[in-house]
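Visitor: I'm new to this one. Can you walk me through it?
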Amino acid sequence: MGALAEAYKHSLLDKQPIPLDYGSVRTLPESHIWLDQSDESPYVAHSTSPISPPVINLMDPDAPRLIIQACETWGVFQLIGHSIPTKLMEDVESEAEKLFGLPVDQKLKALRSPGGGAGYGLPHISPFFNKHMWHEGFTIMGSPIYHTRQLWPQAYQGFCETMVDYQNQLKALTEQLIRIIFKSLNINSEEVDWLKDSQGSSTALQLNSYPACPDPTRAMGLAPHTDTSLITILQSKTSGLQVFKEGAGWILVQPIPGAVIVNVGDFLHILSNGVFTTVRHRVVVTHIQRFSAAHFYAPPGDVIVSPVMSKDFGEVPRYRSVSVKGYVETKGKHFEKALSLIKK
(Lines give C-alpha, C1' and ligand atoms only; values in the text may rest on other atoms or scores of the structure.)
Protein backbone atom coordinates (compact mmCIF):
# COMPACT_ATOMS: atom_id res chain seq x y z
CA MET A 1 0.00 0.00 0.00
CA GLY A 2 1.42 3.42 -0.97
CA ALA A 3 2.02 6.42 1.27
CA LEU A 4 -1.09 8.21 0.06
CA ALA A 5 -3.30 5.20 0.77
CA GLU A 6 -1.73 4.83 4.20
CA ALA A 7 -2.38 8.48 4.90
CA TYR A 8 -6.04 8.23 4.03
CA LYS A 9 -6.40 5.06 6.05
CA HIS A 10 -5.02 6.57 9.24
CA SER A 11 -6.01 10.20 8.92
CA LEU A 12 -9.66 10.40 7.89
CA LEU A 13 -12.61 10.33 10.20
CA ASP A 14 -14.16 6.90 10.79
CA LYS A 15 -17.50 7.95 9.37
CA GLN A 16 -17.67 9.60 5.97
CA PRO A 17 -20.65 11.64 4.78
CA ILE A 18 -22.35 10.41 1.62
CA PRO A 19 -22.49 12.71 -1.45
CA LEU A 20 -25.81 14.35 -2.25
CA ASP A 21 -28.06 13.23 -5.05
CA TYR A 22 -27.06 16.43 -6.85
CA GLY A 23 -29.47 15.90 -9.73
CA SER A 24 -32.46 16.18 -7.42
CA VAL A 25 -31.31 19.32 -5.56
CA ARG A 26 -33.08 22.51 -6.64
CA THR A 27 -31.85 24.90 -3.93
CA LEU A 28 -28.48 25.02 -2.19
CA PRO A 29 -28.71 23.25 1.19
CA GLU A 30 -27.56 25.16 4.28
CA SER A 31 -24.87 22.51 4.74
CA HIS A 32 -23.27 23.62 1.45
CA ILE A 33 -23.41 27.42 1.85
CA TRP A 34 -19.97 29.00 2.26
CA LEU A 35 -21.02 32.64 2.22
CA ASP A 36 -20.46 33.07 5.95
CA GLN A 37 -16.75 32.37 5.47
CA SER A 38 -16.14 35.66 3.68
CA ASP A 39 -12.40 35.27 3.30
CA GLU A 40 -12.93 31.99 1.48
CA SER A 41 -16.08 32.87 -0.48
CA PRO A 42 -15.55 31.45 -3.98
CA TYR A 43 -16.82 34.51 -5.82
CA VAL A 44 -13.94 36.65 -4.43
CA ALA A 45 -11.55 35.95 -7.29
CA HIS A 46 -9.73 37.85 -9.99
CA SER A 47 -11.15 36.05 -13.01
CA THR A 48 -9.99 38.89 -15.26
CA SER A 49 -6.55 39.27 -13.66
CA PRO A 50 -3.86 40.52 -16.05
CA ILE A 51 -1.52 37.85 -14.69
CA SER A 52 -1.88 34.08 -14.95
CA PRO A 53 0.29 30.98 -14.49
CA PRO A 54 2.78 30.52 -17.33
CA VAL A 55 2.21 28.21 -20.29
CA ILE A 56 5.28 26.10 -21.09
CA ASN A 57 5.93 23.95 -24.16
CA LEU A 58 7.84 20.86 -23.09
CA MET A 59 9.35 20.67 -26.60
CA ASP A 60 10.93 24.11 -26.14
CA PRO A 61 14.71 23.80 -25.58
CA ASP A 62 14.30 26.43 -22.87
CA ALA A 63 11.59 24.41 -21.09
CA PRO A 64 13.78 23.26 -18.14
CA ARG A 65 14.64 26.84 -17.18
CA LEU A 66 11.03 27.97 -17.59
CA ILE A 67 9.76 25.08 -15.46
CA ILE A 68 12.13 25.95 -12.61
CA GLN A 69 11.18 29.61 -12.87
CA ALA A 70 7.48 28.69 -12.72
CA CYS A 71 8.06 26.47 -9.68
CA GLU A 72 9.75 29.37 -7.90
CA THR A 73 7.35 32.17 -8.82
CA TRP A 74 3.98 30.43 -9.12
CA GLY A 75 4.15 26.81 -8.01
CA VAL A 76 1.91 26.03 -10.98
CA PHE A 77 2.05 26.14 -14.78
CA GLN A 78 0.22 24.85 -17.83
CA LEU A 79 2.14 22.37 -19.95
CA ILE A 80 1.73 21.80 -23.67
CA GLY A 81 3.91 19.70 -25.97
CA HIS A 82 3.60 16.72 -23.63
CA SER A 83 3.23 13.14 -24.83
CA ILE A 84 -0.27 12.33 -23.54
CA PRO A 85 -2.49 11.62 -26.58
CA THR A 86 -5.43 13.98 -27.06
CA LYS A 87 -7.70 11.00 -27.73
CA LEU A 88 -6.78 9.46 -24.37
CA MET A 89 -7.53 12.72 -22.55
CA GLU A 90 -10.90 12.87 -24.29
CA ASP A 91 -11.61 9.23 -23.37
CA VAL A 92 -10.82 9.92 -19.71
CA GLU A 93 -13.30 12.80 -19.61
CA SER A 94 -15.90 10.66 -21.38
CA GLU A 95 -15.45 7.79 -18.92
CA ALA A 96 -15.65 10.19 -15.97
CA GLU A 97 -18.87 11.62 -17.34
CA LYS A 98 -20.34 8.12 -17.65
CA LEU A 99 -19.28 7.21 -14.12
CA PHE A 100 -20.72 10.31 -12.46
CA GLY A 101 -23.85 10.04 -14.60
CA LEU A 102 -24.77 6.72 -12.98
CA PRO A 103 -27.75 6.65 -10.58
CA VAL A 104 -26.79 7.50 -7.02
CA ASP A 105 -27.61 4.02 -5.73
CA GLN A 106 -25.25 2.56 -8.29
CA LYS A 107 -22.39 4.92 -7.40
CA LEU A 108 -22.81 4.17 -3.70
CA LYS A 109 -21.92 0.53 -4.41
CA ALA A 110 -18.34 1.79 -4.83
CA LEU A 111 -18.43 4.05 -1.76
CA ARG A 112 -15.10 4.32 0.03
CA SER A 113 -14.88 2.18 3.13
CA PRO A 114 -14.42 4.14 6.39
CA GLY A 115 -10.81 5.32 6.47
CA GLY A 116 -10.27 4.05 2.92
CA GLY A 117 -8.58 5.94 0.11
CA ALA A 118 -10.00 4.44 -3.07
CA GLY A 119 -13.56 4.49 -4.36
CA TYR A 120 -16.47 6.91 -4.64
CA GLY A 121 -17.11 9.72 -2.17
CA LEU A 122 -16.61 13.29 -1.04
CA PRO A 123 -13.25 15.14 -1.11
CA HIS A 124 -10.61 13.65 1.16
CA ILE A 125 -10.17 17.06 2.81
CA SER A 126 -13.85 17.22 3.86
CA PRO A 127 -13.26 16.43 7.57
CA PHE A 128 -11.35 19.69 8.00
CA PHE A 129 -14.30 21.92 7.09
CA ASN A 130 -17.67 22.49 8.74
CA LYS A 131 -19.36 23.02 5.37
CA HIS A 132 -19.72 20.47 2.58
CA MET A 133 -18.23 20.97 -0.87
CA TRP A 134 -20.20 20.76 -4.12
CA HIS A 135 -18.23 17.80 -5.38
CA GLU A 136 -18.18 14.06 -5.87
CA GLY A 137 -15.07 12.07 -6.63
CA PHE A 138 -13.76 8.65 -7.56
CA THR A 139 -10.25 7.79 -6.39
CA ILE A 140 -8.10 5.14 -8.06
CA MET A 141 -5.05 3.72 -6.29
CA GLY A 142 -3.35 1.04 -8.32
CA SER A 143 -5.78 -1.11 -10.29
CA PRO A 144 -9.29 0.35 -10.70
CA ILE A 145 -10.89 -3.09 -11.19
CA TYR A 146 -12.26 -3.71 -7.68
CA HIS A 147 -14.44 -0.60 -7.39
CA THR A 148 -15.22 -0.42 -11.12
CA ARG A 149 -16.69 -3.94 -11.06
CA GLN A 150 -19.10 -2.74 -8.38
CA LEU A 151 -20.29 0.00 -10.75
CA TRP A 152 -20.40 -2.05 -13.97
CA PRO A 153 -20.32 -5.77 -13.13
CA GLN A 154 -20.36 -6.78 -16.79
CA ALA A 155 -18.91 -3.73 -18.56
CA TYR A 156 -15.94 -2.49 -16.58
CA GLN A 157 -13.10 -3.36 -18.96
CA GLY A 158 -13.25 -0.25 -21.16
CA PHE A 159 -13.11 2.07 -18.14
CA CYS A 160 -10.25 0.10 -16.57
CA GLU A 161 -8.16 -0.02 -19.74
CA THR A 162 -8.54 3.73 -20.25
CA MET A 163 -7.59 4.55 -16.66
CA VAL A 164 -4.61 2.18 -16.55
CA ASP A 165 -3.26 3.64 -19.81
CA TYR A 166 -3.84 7.15 -18.49
CA GLN A 167 -2.09 6.43 -15.17
CA ASN A 168 0.93 5.03 -17.01
CA GLN A 169 1.12 8.08 -19.28
CA LEU A 170 0.82 10.49 -16.35
CA LYS A 171 3.43 8.63 -14.31
CA ALA A 172 5.90 8.80 -17.20
CA LEU A 173 5.27 12.53 -17.71
CA THR A 174 5.57 13.23 -13.97
CA GLU A 175 8.89 11.41 -13.77
CA GLN A 176 10.16 13.32 -16.81
CA LEU A 177 9.33 16.57 -14.99
CA ILE A 178 10.87 15.33 -11.74
CA ARG A 179 14.15 14.58 -13.50
CA ILE A 180 14.22 18.12 -14.89
CA ILE A 181 13.48 19.60 -11.47
CA PHE A 182 15.91 17.30 -9.62
CA LYS A 183 18.71 18.43 -11.94
CA SER A 184 18.17 22.02 -10.75
CA LEU A 185 18.40 20.74 -7.16
CA ASN A 186 21.66 18.94 -8.00
CA ILE A 187 20.01 15.60 -7.27
CA ASN A 188 21.21 12.78 -9.51
CA SER A 189 18.02 11.03 -10.64
CA GLU A 190 19.98 7.86 -11.37
CA GLU A 191 20.79 7.58 -7.67
CA VAL A 192 17.15 7.88 -6.56
CA ASP A 193 16.11 4.24 -6.20
CA TRP A 194 12.36 4.85 -6.01
CA LEU A 195 12.47 6.91 -9.20
CA LYS A 196 14.14 4.03 -11.07
CA ASP A 197 11.75 1.42 -9.67
CA SER A 198 8.50 1.21 -11.66
CA GLN A 199 6.67 0.27 -8.45
CA GLY A 200 8.56 2.68 -6.22
CA SER A 201 6.41 5.79 -6.15
CA SER A 202 3.04 6.32 -4.50
CA THR A 203 0.35 7.55 -6.88
CA ALA A 204 -3.36 8.24 -6.94
CA LEU A 205 -5.71 9.25 -9.74
CA GLN A 206 -8.68 11.34 -8.66
CA LEU A 207 -11.66 11.80 -10.99
CA ASN A 208 -13.69 14.85 -10.00
CA SER A 209 -17.23 15.94 -10.78
CA TYR A 210 -18.48 19.41 -9.92
CA PRO A 211 -22.23 19.10 -10.58
CA ALA A 212 -24.34 21.93 -11.96
CA CYS A 213 -25.01 24.15 -8.95
CA PRO A 214 -28.24 26.09 -8.30
CA ASP A 215 -26.35 28.89 -6.50
CA PRO A 216 -22.65 28.90 -7.50
CA THR A 217 -21.77 32.18 -5.77
CA ARG A 218 -22.42 30.62 -2.37
CA ALA A 219 -21.00 27.14 -2.95
CA MET A 220 -17.45 25.77 -2.96
CA GLY A 221 -16.33 23.03 -5.33
CA LEU A 222 -13.11 22.25 -3.51
CA ALA A 223 -11.91 24.21 -0.49
CA PRO A 224 -8.47 25.86 -0.33
CA HIS A 225 -5.58 23.49 0.26
CA THR A 226 -2.12 22.47 -0.89
CA ASP A 227 -1.37 19.00 -2.25
CA THR A 228 0.35 16.29 -0.21
CA SER A 229 2.41 15.25 -3.22
CA LEU A 230 5.69 15.90 -4.95
CA ILE A 231 3.93 16.95 -8.15
CA THR A 232 0.26 16.95 -9.16
CA ILE A 233 -0.89 16.93 -12.78
CA LEU A 234 -4.43 18.10 -13.50
CA GLN A 235 -6.53 17.69 -16.64
CA SER A 236 -9.41 20.14 -16.88
CA LYS A 237 -11.10 21.25 -20.08
CA THR A 238 -13.09 24.09 -18.51
CA SER A 239 -12.17 26.75 -15.98
CA GLY A 240 -12.89 26.35 -12.29
CA LEU A 241 -9.46 26.03 -10.69
CA GLN A 242 -8.26 29.09 -8.78
CA VAL A 243 -4.71 29.52 -7.47
CA PHE A 244 -3.59 31.92 -4.79
CA LYS A 245 -0.83 34.33 -5.79
CA GLU A 246 0.77 36.46 -3.09
CA GLY A 247 -0.06 40.10 -3.70
CA ALA A 248 -2.71 39.28 -6.31
CA GLY A 249 -5.20 37.05 -4.46
CA TRP A 250 -7.23 34.25 -6.05
CA ILE A 251 -6.71 33.91 -9.81
CA LEU A 252 -8.88 31.80 -12.09
CA VAL A 253 -6.83 29.51 -14.36
CA GLN A 254 -8.10 29.48 -17.94
CA PRO A 255 -7.19 26.03 -19.36
CA ILE A 256 -5.37 25.91 -22.69
CA PRO A 257 -6.85 23.26 -25.02
CA GLY A 258 -4.77 20.08 -24.81
CA ALA A 259 -2.69 21.36 -21.89
CA VAL A 260 -2.30 19.82 -18.46
CA ILE A 261 -1.85 21.88 -15.30
CA VAL A 262 1.19 21.02 -13.18
CA ASN A 263 1.50 22.13 -9.59
CA VAL A 264 4.13 21.84 -6.91
CA GLY A 265 3.15 19.78 -3.87
CA ASP A 266 4.32 19.95 -0.26
CA PHE A 267 7.16 17.45 -0.69
CA LEU A 268 8.79 19.42 -3.49
CA HIS A 269 8.39 22.57 -1.39
CA ILE A 270 10.25 20.87 1.49
CA LEU A 271 12.88 19.38 -0.81
CA SER A 272 13.63 22.81 -2.33
CA ASN A 273 13.94 24.33 1.15
CA GLY A 274 10.86 26.43 0.49
CA VAL A 275 12.14 27.92 -2.78
CA PHE A 276 9.53 26.14 -4.90
CA THR A 277 6.01 27.25 -3.98
CA THR A 278 3.46 24.67 -2.88
CA VAL A 279 0.50 26.42 -4.43
CA ARG A 280 -2.69 26.94 -2.47
CA HIS A 281 -5.65 26.29 -4.72
CA ARG A 282 -9.42 25.75 -4.73
CA VAL A 283 -12.21 25.07 -7.21
CA VAL A 284 -15.35 27.09 -7.93
CA VAL A 285 -18.57 25.78 -9.44
CA THR A 286 -21.05 27.06 -12.03
CA HIS A 287 -24.53 26.29 -13.36
CA ILE A 288 -22.87 23.73 -15.68
CA GLN A 289 -21.36 20.42 -14.60
CA ARG A 290 -17.63 20.05 -15.15
CA PHE A 291 -15.12 17.25 -14.77
CA SER A 292 -11.41 17.03 -14.06
CA ALA A 293 -8.77 14.40 -13.32
CA ALA A 294 -5.84 14.87 -10.94
CA HIS A 295 -2.80 12.61 -10.67
CA PHE A 296 -0.88 12.80 -7.39
CA TYR A 297 2.71 11.56 -7.25
CA ALA A 298 4.73 11.10 -4.05
CA PRO A 299 7.81 9.10 -3.02
CA PRO A 300 7.28 5.84 -1.09
CA GLY A 301 6.21 6.16 2.53
CA ASP A 302 9.58 5.22 4.05
CA VAL A 303 11.56 7.83 2.07
CA ILE A 304 13.04 10.68 4.12
CA VAL A 305 12.54 14.10 2.52
CA SER A 306 15.21 16.62 3.48
CA PRO A 307 15.76 20.20 2.26
CA VAL A 308 18.53 20.50 -0.33
CA MET A 309 21.33 22.75 0.85
CA SER A 310 23.04 24.91 -1.79
CA LYS A 311 23.84 28.49 -2.72
CA ASP A 312 20.62 28.70 -4.75
CA PHE A 313 18.34 26.96 -2.26
CA GLY A 314 19.80 28.23 0.98
CA GLU A 315 22.54 26.94 3.24
CA VAL A 316 20.35 26.83 6.34
CA PRO A 317 17.46 24.31 6.34
CA ARG A 318 14.02 25.87 6.83
CA TYR A 319 12.38 22.48 7.45
CA ARG A 320 13.22 19.40 9.45
CA SER A 321 13.78 16.13 7.61
CA VAL A 322 10.60 14.07 7.59
CA SER A 323 9.47 10.71 6.27
CA VAL A 324 6.78 10.77 3.60
CA LYS A 325 4.50 8.65 5.77
CA GLY A 326 5.17 10.80 8.84
CA TYR A 327 4.41 14.04 7.04
CA VAL A 328 1.25 12.69 5.43
CA GLU A 329 -0.01 11.59 8.84
CA THR A 330 0.79 15.06 10.22
CA LYS A 331 -1.08 16.65 7.31
CA GLY A 332 -3.98 14.29 7.95
CA LYS A 333 -4.23 15.54 11.54
CA HIS A 334 -3.28 19.20 11.21
CA PHE A 335 -4.06 19.96 7.55
CA GLU A 336 -2.67 23.37 6.51
CA LYS A 337 -0.63 23.72 9.71
CA ALA A 338 1.50 20.70 8.72
CA LEU A 339 4.30 22.65 7.02
CA SER A 340 4.62 25.10 9.90
CA LEU A 341 4.89 22.18 12.34
CA ILE A 342 8.04 20.88 10.66
CA LYS A 343 9.65 24.31 10.28
CA LYS A 344 12.97 24.74 12.04
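Visitor: Which residue stands opposite phenylalanine 77 in E10?
Guide: Valine 262 does. This is a predicted model, where local features need pLDDT of at least 70, side-chain atom pairs count only at pLDDT 80 or more, and totals for chains, interfaces and linings use all residues. Residues are numbered from 1 along each chain as its sequence is written, and side-chain values use heavy atoms, with hydrogens and water left out.

Visitor: How many bridges are there between E2 and E10, and in which sense do they pair?
Guide: E2 and strand E10 (residues 260-264) pair in the antiparallel sense, over 4 bridges. Two strands count as paired if DSSP finds at least two bridges between them. Strands (E, at least two residues) and helices (H or I, at least four) are DSSP runs, numbered from the N terminus.

Visitor: And E1, how does that run relative to E2, parallel or antiparallel?
Guide: Strand E1 (residues 55-57) runs parallel to E2, joined by 3 bridges. Isoleucine 56 has leucine 79 in E2 as its bridge partner. From E1 the chain passes through helix H2 (residues 63-73) to reach E2, and this β-α-β crossover is right-handed. Right-handed here means that, with the strands pointing away from the viewer, the path from the first strand over the helix to the second runs clockwise.

Visitor: Is E2 mostly buried or exposed?
Guide: Of the 5 residues of strand E2 (residues 76-80), 4 are buried, so the strand is largely enclosed by the rest of the structure. Buried means under 20% relative accessible area, exposed over 50%, and partly exposed in between, using a 1.4 Å probe and protein chains only.

Visitor: What about the whole sheet, in which order do the strands come?
Guide: The order is E1-E2-E10-E7-E12-E5-E4-E3, an open sheet of 8 strands with mixed pairing. E1 and strand E3 (119-121) are the edge strands, each pairing on one side only. On average, neighbouring strands are turned by 25 degrees against each other, direction ignored. Angles run from 0 to 180 degrees between N-to-C directions, with axes as lines fitted to C-alpha atoms, for helices over the stretch in contact.

Visitor: How many bridges join E7 to E12?
Guide: There are 6 between strand E7 (residues 231-236) and strand E12 (residues 290-298), which run antiparallel. Threonine 232 has phenylalanine 296 in E12 as its bridge partner.

Visitor: Back to isoleucine 56. What is it in contact with?
Guide: Leaving aside neighbours within four places in sequence, isoleucine 56 is in contact with residues including Ala63, Ile67, Phe77 and Leu79. Contact means heavy atoms within 4.5 Å. Isoleucine 56 is buried, with a relative accessible area of 2%.

Visitor: Where does H2 lie?
Guide: H2 lies across E1, E2 and E10, at about 155 degrees to E1. Ala63, Ile67, Ile68, Ala70 and Cys71 are buried in H2. Down the axis of H2, these fall within an arc of 160 degrees, so they line one face of the helix. The arc is that of the directions from the helix axis to the C-beta atoms. The buried residues of H2 pack against E1, E2, E10 and helix H6 (157-184).

Visitor: What comes just after H2?
Guide: Glycine 75, with a positive phi of about 80 degrees.

Visitor: Last one: which residues are exposed on H3?
Guide: Thr86 and Lys87 are exposed, on the face of H3 turned away from its buried side.
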